[in-house]
Amino acid sequence: MPHSKHVENARRAPRVKLAGTVLALVQLENGRQIRARLHQLSFIGGLLHLDNPIAEGIKVEVMFHVGDSTIRSKAAMLFPMWATQGCLQPFEFVDLAEQDRRSLETDLKKFLDPTTADSPVAETV
């Protein structure tokens, strides 16, 4: 029997909407680097704004800094969606180290908790 929408949403990682405020660097396997902006982020992946799409399934390395975390991890690019300018392309972390995952999760919780006085401004999705 297929999973219900309620069950799927219950297991979905919380996402923080960053609206392009966080810069990211995407490094392709051939060493070429592409600048991007993070639009959404969770501890399992995110959504990048790129000038041009990267082929679905390509393995890359993503690098960015959010909160107290500097993340550098392998990721798999998912199917891109065209935007007004450029495209929005989701990615999924492939080998995010457990320590980095915990650090990122802690920083994202600061975005999600409105009672934290020093929490950065962001929307949850």
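By class, 6 nonpolar, 4 polar and 2 charged residues make up the lining of the largest pocket, where Ala, Val, Leu, Ile, Met, Phe, Trp, Tyr, Cys and Pro count as nonpolar, Asp, Glu, Lys and Arg as charged, and the others, Gly among them, as polar. The structure is a predicted model, in which local features need pLDDT of at least 70 and side-chain atom pairs count only at pLDDT 80 or more, while totals for chains, interfaces and linings use all residues. Residues are numbered from 1 along each chain as its sequence is written, and side-chain values use heavy atoms, with hydrogens and water left out.

The volume of the largest pocket is about 200 Å³; a pocket is taken, on a 1 Å grid over the protein atoms alone, as an open set of points where a 1.4 Å probe fits, with protein on both sides within 12 Å along at least five of seven lines, and lining residues have an atom within 4 Å of a point. Grid points are joined across faces, edges and corners, and the volume is the space filled by probe spheres set on the points. The lining consists of Arg15, Gln40, Leu41, Ser42, Ile44, Gly45, Gly46, Leu47, Leu78, Pro90, Phe91 and Glu92. At least two of the lining residues come from each of strand E2 (33-41), strand E3 (45-50) and strand E7 (87-93).

The protein as a whole contains 2 helices and 8 strands, these being DSSP runs numbered from the N terminus (helices H or I, at least four residues; strands E, at least two). Along the sequence these elements follow the pattern α-β-β-β-β-β-β-β-α-β. Of the 125 residues, 36% are buried, a term that means under 20% relative accessible area, with exposed over 50% and partly exposed in between (1.4 Å probe, protein chains only). Among contacts (heavy atoms within 4.5 Å) between residues at least 6 apart in sequence, 52% join residues at least 24 apart.

Strand E4 (residues 59-66) is mostly covered, with 6 of its 8 residues buried. Two strands are regarded as paired if DSSP finds at least two bridges between them, and E4 pairs in the antiparallel sense with strand E1 (residues 16-27) over 4 bridges. Within this pairing, Val26 stands opposite Val62 and Gln27 stands opposite Glu61. E4 is also joined by 8 bridges to strand E5 (residues 69-77), again in an antiparallel arrangement, and Val60 has Ala75 in E5 as its bridge partner. The hairpin of E4 and E5 has 2 residues between the strands, and Gly67 there takes a positive phi near 60 degrees.

E1 is likewise joined to E2, which runs antiparallel to E1 over 8 bridges, and Gln27 has Gln33 as its bridge partner in E2. These two strands form a hairpin with 5 residues between them, in whose turn Gly31 has a positive phi of about 95 degrees. Ala19 also lies in E1; its phi is near 50 degrees, a positive value in a residue other than glycine. Ala19 counts as partly exposed because its relative accessibility is 49%.

Lys109 is placed in helix H2 (residues 98-112) and, because its relative accessibility is 49%, counts as partly exposed. Although Lys109 and Pro14 are 95 residues apart along the chain, their C-alpha atoms are separated by 8.7 Å.
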